[in-house]
Amino acid sequence: MPKPRKRLAGAAGPTGPDNKGPAGKRTKTKNPVGTSATLGNSSPEKTSASKNCGKNLSSYWLMKSEPESRLEKGVDVKFSIEDLKAQPKQTACWDGVRNYQFTNGLCSGQCLHTSLGVLAKARNFLRAMQLGQEAFFYHSNCKEPGIAGLVKIVKEAYPDHTQFEKNNPHYDPSSKEDNPKWSMVDVQFVRMMKRYITLAELKTHYQAHKTTGGPLKNMALFTRQRLSVQPLTREEFDFILSLEEKEPS
């Protein structure tokens with residue numbers, strides 16, 4: 001039998017960007033054979049929409065997980081960036097994403113924020129991720145939500161095993177092994193942020209940028225709050241990194 005391995009998950013988030021309800025989940029399950037994180041070829045899990053939009057999709061992401069213990073169907077879904085650091089090779093899969101976000105039917109690759117399309121779903125964002133892309137590890141559903149560190153994608157989308165496990169909080173009886181509905185990626189710890197970037201600080205900039213046209217004016221953390229896996233523009237990513245060097249506003 002494979003050894004137990006801690007799992008990450010970014011399930012459907014709360015009704016807002018704050019800590020009012022679940023925003024990312026990890027479950028303690030056994031690691032299926034052949035799903036260890038490796039640098040390899042692109043996965044066939046990519047959707048045709050992802051392929052068609054290819055060049056326009058985001059290269060940067062924000063991924064939510066819960067750093068504090070919370071039981072879901074008897075399973076503790078806690079997984080912090082510190083937990084990721086403690087994993088073998090500081091790597092784990094990001095499982096349990098069950099989020100759909102429907103808007104106005106435009107392609108997600110054509111319009112990252114103001115018109116996130118019918119395919120703009122956390123699941124499909126996972127399927128659009130490519131090896132080496134970076135993501136902010138966001139602590140959600142906790143006393144002080146915020147960005148804790150950076151991770152990178154080390155295995156592209158493949159079937160999420162938790163959808164088939166009847167005792168798992170993320171079990172989906174409608175998903176079939178020959179046609180799985182849900183995907184996951186593997187992520188690896190890169191580094192901690194030089195300082196914790198809180199939701200409150202990000203919200204201050206977001207509100208100011210809505211008026212001034214600044215980089216965070218359309219940030220999905222505030223405009224598409226329920227998405228547990230969110231795209232970032234290069235502008236947004238660079239601006240948030242720049243906050244590390246500044247005192248909190």
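**Entry 1: a charged pair**

Which side chain meets Arg70 in a salt bridge? I looked it up in this model, which is a predicted one. The partner is Glu72, with 3.4 Å from N to O. I then checked how open the two residues are. Arg70 is partly exposed, at a relative accessible area of 22%. Glu72 counts as buried because its relative accessibility is 17%, and the cut-off for buried is under 20%. My reminder to myself: side chains of opposite charge can pair when their charged atoms come close.

**Entry 2: a pair across the chain**

Next I went to Arg98 and Asp160, whose side chains form a salt bridge at 3.0 Å, N to O. This pair links distant parts of the chain, 62 residues apart. I found Arg98 in the loop between strand 6 (91–94) and helix 3 (122–128). Asp160 sits in the loop between strand 8 (146–159) and strand 9 (183–198). Are these two buried or exposed? Both Arg98 and Asp160 are buried.

**Entry 3: a pair within a helix**

I moved on to helix 6 (residues 234–243), which holds both Arg234 and Asp238. They are four residues apart, about one turn of the helix. Their closest N and O atoms are 2.9 Å apart, and they form a salt bridge. Asp238 is partly exposed, at 34% relative accessibility. Elsewhere, salt bridges with shared partners join Glu66, Arg70 and Glu72 into one network. How many salt bridges does the structure hold? I noted nine.

Now for the greasy side chains. In soluble globular proteins, nonpolar side chains tend to be buried together. Here the largest nonpolar core has 24 residues, and among those that touch the most other members are Met63, Trp94, Met129 and Val229. Several elements each supply at least two residues of this core, including strand 3 (60–65), helix 2 (81–85) and strand 7 (134–139). Leaving aside neighbours within four places in sequence, Val229 is in contact with residues including Leu62, Met63, Trp94, Phe125 and Met129. There is also a second, separate core of 20 residues, with Ile147, Leu150, Leu199 and Leu221 among them.

**Entry 4: strands side by side**

Last, I followed strand 9. Strand 6 and strand 9 run antiparallel and are joined by four bridges. Strand 8 and strand 9 also pair in the antiparallel sense, over 10 bridges. Which residue of strand 9 is the bridge partner of Thr91? It is Gln188. Lys152 stands opposite Gln188 too.

Note on methods: Residues numbered from 1 in each chain as written. Predicted model: local features only at pLDDT ≥ 70, side-chain atom pairs only at ≥ 80, totals over all residues. Heavy atoms only, no water. Salt bridge = Lys/Arg side-chain N within 4 Å of Asp/Glu carboxyl O. Buried < 20%, exposed > 50% of the residue type's maximum accessible area, 1.4 Å probe, protein only. Core = buried A, V, L, I, M, F, W, Y, C linked by side-chain atoms within 4.5 Å. Contact = heavy atoms within 4.5 Å. Pairing = 2+ DSSP bridges.
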